[in-house]
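The sequence and the model come before the text.

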Amino acid sequence: MSKYLRNRQRGGTYFFTVNLAQRGGTALVDNIQTLRGAFRDTIAEHPLHCDAIVVLPDHLHAVWTLPKGDANYSERWRKIKARFSNAVGARHRSLSKHTKRERGVWQRRFWEHTIRDQDDFQTHVQYCWADPVKHGFVKQPGEWEYSSIHRDQRMGTVAAGLHTFASNGKFST
């Protein structure tokens, strides 16, 4: 079995994709308060800055910046996933996990990408905002309830009138 090596950059910024084991389910949005609690409790123990996040029914994307000197995003994801799994119980397990008597509702791994520069950062933040549109849940990013785009609009870091997502993957007002 091959060993997956992750890039670890202390104080780095990363883009993540984290999936449920049972694709096509709705456990994340059905249990959004539980997921928020898992994030809140984990971040209280292991601080980070969440630059962007979007939660879809069966997966999520996030852009995180870790504190200076810290590169341990895996521990944060482990705790978030465990807290959520413990709270929602076995009702959201995939058939294969049930057969193996595993309780986890998440895929065992997650995907990460180290952000290289400001353009890469902006591309991945916009990817978070655009993913609900890509999946056909909404027509415009601001219509999706479970997205950090709303926080960024309230803070004034994104124009409140940002509603148009072009086919080239860029936003306009």
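**The largest pocket**

The model is predicted. Its largest pocket has a volume of about 360 Å³. The lining of this pocket is made up of 16 residues. Arg36, Ile53, Val55, Ser147 and Ser148 are the lining residues that lie nearest the centre of the pocket.

The most comes from α2, which gives five residues. Sorted by class, the lining of the largest pocket has nine nonpolar residues, three polar ones and four charged ones.

**Salt bridges**

Side chains of opposite charge can pair when their charged atoms come close. The structure holds 10 salt bridges. The table gives some of them.

| Side chains | N to O distance |
|---|---|
| Arg23 and Asp58 | 3.2 Å |
| Glu45 and Arg83 | 2.7 Å |
| Lys79 and Glu75 | 3.8 Å |

The side chains of Arg23 and Asp58 meet in a salt bridge. Arg23 has a relative accessible area of 45% and is partly exposed. Asp58 is buried, because its relative accessible area of 10% falls under the 20% limit.

The salt bridge between Glu45 and Arg83 also links distant parts of the chain, here 38 residues apart. Glu45 belongs to helix α2, and Arg83 to helix α3 (residues 73-88). Glu45 is partly exposed at a relative accessible area of 42%. Arg83 counts as partly exposed too, at 26% relative accessibility.

Lys79 counts as buried at 19% relative accessibility, since the limit for buried is under 20%.

Which residues do salt bridges with shared partners join into one network? The network consists of Glu45, Glu75, Arg78, Lys79 and Arg83. Helix α2 holds Glu45, one member of this network, and α2 is also the element that gives the most to the lining of the largest pocket.

Terms used: Residues are numbered from 1 along each chain as its sequence is written. This is a predicted model: local features need pLDDT of at least 70, side-chain atom pairs count only at pLDDT 80 or more; totals for chains, interfaces and linings use all residues. Side-chain values use heavy atoms; hydrogens and water are left out. On a 1 Å grid over the protein atoms alone, a cavity is a set of points where a 1.4 Å probe fits but cannot get out, and a pocket is an open set with protein on both sides within 12 Å along at least five of seven lines; lining residues have an atom within 4 Å of a point. Grid points are joined across faces, edges and corners, and a volume is the space filled by probe spheres set on the points. Helices (H or I, at least four residues) and strands (E, at least two) are DSSP runs, numbered from the N terminus. Ala, Val, Leu, Ile, Met, Phe, Trp, Tyr, Cys and Pro count as nonpolar, Asp, Glu, Lys and Arg as charged, and the others, Gly among them, as polar. A salt bridge is a side-chain nitrogen of Lys or Arg within 4 Å of a carboxyl oxygen of Asp or Glu. Buried means under 20% relative accessible area, exposed over 50%, partly exposed in between (1.4 Å probe, protein chains only).
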